[in-house]
Amino acid sequence: ISCAGSSESTVAVSTSSRSDSKERKKTAATAPPAVTHKNPLFVITAVILMPYALYNAYLYLFLQHPELISFLYPTIRPAVKVHDSRQLLIVGTISSGTSQVAQDLKNNLGLEIGHENAETSWSFVRDGTVSWFHGIRYIPRPGMDVNVKTNNSGGENISFLSQVKDLCRELQPQMGFHPFMFRDGKCSLRQSWGDCWRGECEDIVQEEWGCGLRSRNDKRDDNELHQRRDDCETPFNKVLHQVRHPLRTIESLVAKFCIGGVEGKVQPSFLIFANALFPQHNFSEMSCIEAAGYYVDEYNSAIVGAREVGIDDQFQVEEATPCQIAKAAGFMDSDSVYSPSRDRVLKVCNSESSNSAANQLMKSTENRYNKGLVSLHWEDLLGGKNGSRKKAGDDDLQKRIKRLTRNLGYDATL
């Protein structure tokens, strides 16, 4: 009886178990799928931060420590640090076509050229830089290299420091200047403009302003002193002055910086820089055309004045090809800074095809602010016109721009 009871109990349990199993399967089959919630921070990290981190790692290895991966890339280019020579610096006023030249040298010749950027630890600009603000190297320091009357009170040195502080008080991104374009310093790009960046800016501007007009002695590997032609932190083998017809440059500046047209107000950022760099003028009291005109004259005249000490050559942007610029820059010379860049330029420029973009005059495709908006003639530079507060017929600016036009190799009668 005991055995029979156990058998019946076992059968009952077994039957019940199979029934429960079928019920669970039926319930699972009809139940809605489970919903899993992903952490949004995980998604952001995966989609944005990871690619950003990988790209920074790539720049770190290839630009700052290429020796760590030289076993994979035996011909990898060595790191170029802030004190290391680069082949080329091109300086030219705003609206002279500097961004176009940088793009053409990079795209058509395969060179590492930066526009308003010489910082080589995070950017591929190891062959050189095209920049308007680097021209500050050849502008005399007010109150130190040249005595000028300013609107600031105090001694001569205080005058120079006050101009530096004016440039660095606030970030003016419309002017294409940031301290990071010179070097990777003590401040993070994630920081907003504050005391750190302001101090970094003042240090750099004081070092760079007029440094191309001063020479210095460097102690090299042979432990001997060698005279350098400038006192600038970053040396360039060749420095070229890029010019554009002054009237066309003024037209572009008016289109870019005049609020409300030819007779409108000048953008404050332009006034800050123009007044700081050339305090012998009060740009705030000028019409828009006058502000652009006197800036073009003072900037180019300063670079022309530095030809004997720091400027190697000049080219007119309207009449130059990328290969002609590369030749003037010394990229084809046997003593160029980086021989693979030389080989690349020679291969492109000495090719049988003269129809290649590198051998053709450059066409404007970058930063075309003045698309038929402003057209100026010599009489537009006279006083009493286009919002000018000067006496009617005052021809000071007109004479200056005509003289500059001739000095830069253009026909001043057109």
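Start by selecting Cys168 and Cys201: both are buried, where buried means under 20% relative accessible area, exposed over 50% and partly exposed in between, with a 1.4 Å probe and protein chains only. What you have on screen is a predicted model, in which local features need pLDDT of at least 70, side-chain atom pairs count only at pLDDT 80 or more, and totals for chains, interfaces and linings use all residues. Residues are numbered from 1 along each chain as its sequence is written, and side-chain values use heavy atoms, with hydrogens and water left out.

**Stop one: Cys168 and Cys201**

Show the side chains of this pair. A disulfide joins Cys168 to Cys201, S to S 2.1 Å; the term stands for a pair of cysteine sulfur atoms within 2.5 Å. Cys168 sits in helix α4 (residues 156-168) and Cys201 in helix α5 (residues 195-208), so distant parts of the chain, 33 residues apart, are linked. Helices (H or I, at least four residues) and strands (E, at least two) are DSSP runs, numbered from the N terminus. Because the torsion about the S-S bond of Cys168 and Cys201 is about -75°, this disulfide is left-handed.

**Stop two: Cys211 and Cys232**

Next, select Cys211 and Cys232, whose disulfide has an S to S distance of 2.0 Å. Which hand does the link have? With 95° about the S-S bond, the link of Cys211 and Cys232 is right-handed. It connects distant parts of the chain, 21 residues apart: Cys211 is in the loop between α5 and β4 (216-219), and Cys232 in the loop between β5 (225-228) and β6 (236-243). Cys211 counts as buried at 0% relative accessibility, and Cys232 is buried with a relative accessible area of 0%.

**Stop three: Cys258 and Cys288**

Now move to Cys258 and Cys288, which form a disulfide with their sulfur atoms 1.4 Å apart. Cys258 belongs to strand β7 (residues 258-259) and Cys288 to helix α8 (residues 288-305), so the pair ties together parts 30 residues apart in sequence. The link of Cys258 and Cys288 is left-handed, with -95° about the S-S bond. Cys258 counts as buried at 11% relative accessibility, and Cys288 is buried at 3%.

How many disulfides does the structure hold? There are five. Counting bonded cysteines along the chain, the pattern is 1-4, 2-3, 5-6, 7-8, 9-10.

For the second largest pocket, select Tyr52, Asn56, Leu59, Trp122, Ser123, Phe180, Asp184, Cys187, Ser188, Leu189 and Arg190. About 290 Å³ of space lies there, a volume being the space filled by probe spheres set on the points, which are joined across faces, edges and corners.

Then turn to the largest cavity, with a volume of about 50 Å³. Its lining includes Ala118, His134, Arg137, Phe182 and Glu207.

Finish at the second largest cavity, which holds about 40 Å³ of space. Residues to select include Arg77, Arg86, Asp127, Phe331 and Tyr338.

Conventions:
On a 1 Å grid over the protein atoms alone, a cavity is a set of points where a 1.4 Å probe fits but cannot get out, and a pocket is an open set with protein on both sides within 12 Å along at least five of seven lines; lining residues have an atom within 4 Å of a point.
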